[in-house]
Amino acid sequence: GGQLASTLRKGTLSEAYSVQLDASYPLKKPTFGNLGGYLHLQYFDGYGESPIDYNRRTGPQFRIGLMITR
């Protein structure tokens, strides 16, 4: 079935935070183990999405993609 995950992080400054929400749902029955494929939706908002941007805030971002395994 579907799967939901969340990551909430708080930085040392009061306004430094990040929120990441992930949702995935199988596209069809798995074949060859877990290689059936999944639809992946993601939301990110805050600081530190990557090490390069640790001190820069990125605005809200929505993403959609395909996953082979989860």
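In β3, which residue is the bridge partner of Ser24?

A: The bridge partner of Ser24 in β3 is His40. The model is predicted, so local features need pLDDT of at least 70 and side-chain atom pairs count only at pLDDT 80 or more, while totals for chains, interfaces and linings use all residues. Residues are numbered from 1 along each chain as its sequence is written, and side-chain values use heavy atoms, with hydrogens and water left out.

Now the setting of that pairing. Nine bridges join β2 to β3. The two strands run antiparallel. A strand here is a DSSP run of E with at least two residues, and a helix is a run of H or I with at least four; both are numbered from the N terminus. Two strands pair if DSSP finds at least two bridges between them. As a general point, strands of a sheet pair through backbone hydrogen bonds, either parallel or antiparallel.

Step back to the sheet. Four strands form an open sheet, and their order is β1-β2-β3-β4. The pairing is antiparallel. β1 (3-10) and β4 (57-67) stand at the edges, and each has a single partner strand, so one side of each has no neighbour in the sheet. From one strand to the next, the twist averages 10 degrees. Such angles run from 0 to 180 degrees between N-to-C directions, with axes fitted as lines to C-alpha atoms.

On one side of β2 lies β1. Eight bridges join β1 to β2, which covers residues 17-26. This pair also runs antiparallel. Two of its contacts can be named. Leu4 stands opposite Ala23 in β2. Thr7 stands opposite Gln20 in β2. A hairpin of six residues joins β1 to β2.

β1 is hardly covered: among its eight residues, the count of buried ones is zero. Buried means under 20% relative accessible area, exposed means over 50%, and partly exposed lies in between, for a 1.4 Å probe and protein chains only. Gln3 is in strand β1. At a relative accessible area of 42%, Gln3 is partly exposed. Gln3 and Ser14 are eleven residues apart along the chain, and their C-alpha atoms are separated by 31 Å.

Ala16 sits in the loop between β1 and β2. Ala16 counts as buried, at 12% relative accessibility. Ala16 and Arg57 are 41 residues apart in sequence, yet 8.0 Å apart in space, C-alpha to C-alpha.

Next, the loop between β2 and β3. Gly36 is found there. With a relative accessible area of 13%, Gly36 is buried.

Nine bridges join β3 to β4, and they run antiparallel. Tyr43 has Phe62 as its bridge partner in β4.

A search of the whole structure finds one salt bridge. A salt bridge is a side-chain nitrogen of Lys or Arg within 4 Å of a carboxyl oxygen of Asp or Glu. The side chains of Asp45 and Arg57 meet in one, at 2.9 Å from N to O. It links distant parts of the chain: Asp45 is in strand β3 and Arg57 in strand β4, twelve residues apart. Asp45 is buried, at a relative accessible area of 9%. Arg57 is partly exposed, at 39%.

Then the surface. Tyr25, Leu27, Leu39, Leu41, Ile64 and Leu66 form a nonpolar patch with about 650 Å² of accessible area together. The elements that give two or more residues to the patch are β3 (38-47) and β4. Patch residues have over 30% relative accessible area and no salt bridge; like charges are joined within 9 Å, and nonpolar side chains (Val, Leu, Ile, Met, Phe, Trp, Tyr) within 5 Å. The areas come from the Shrake-Rupley method with a 1.4 Å probe, and for residues only the protein chains shown count as cover. Leu41 belongs to strand β3. At 40% relative accessibility, Leu41 counts as partly exposed.

Last, confidence. pLDDT is the predictor's confidence in each residue, from 0 to 100. The chain averages 85, and 90% of the residues score at least 70. In the chain, confidence is highest in β1, at a mean of 94, and lowest in β4, at 90. Where pLDDT is low, the predicted coordinates should not be read in detail.
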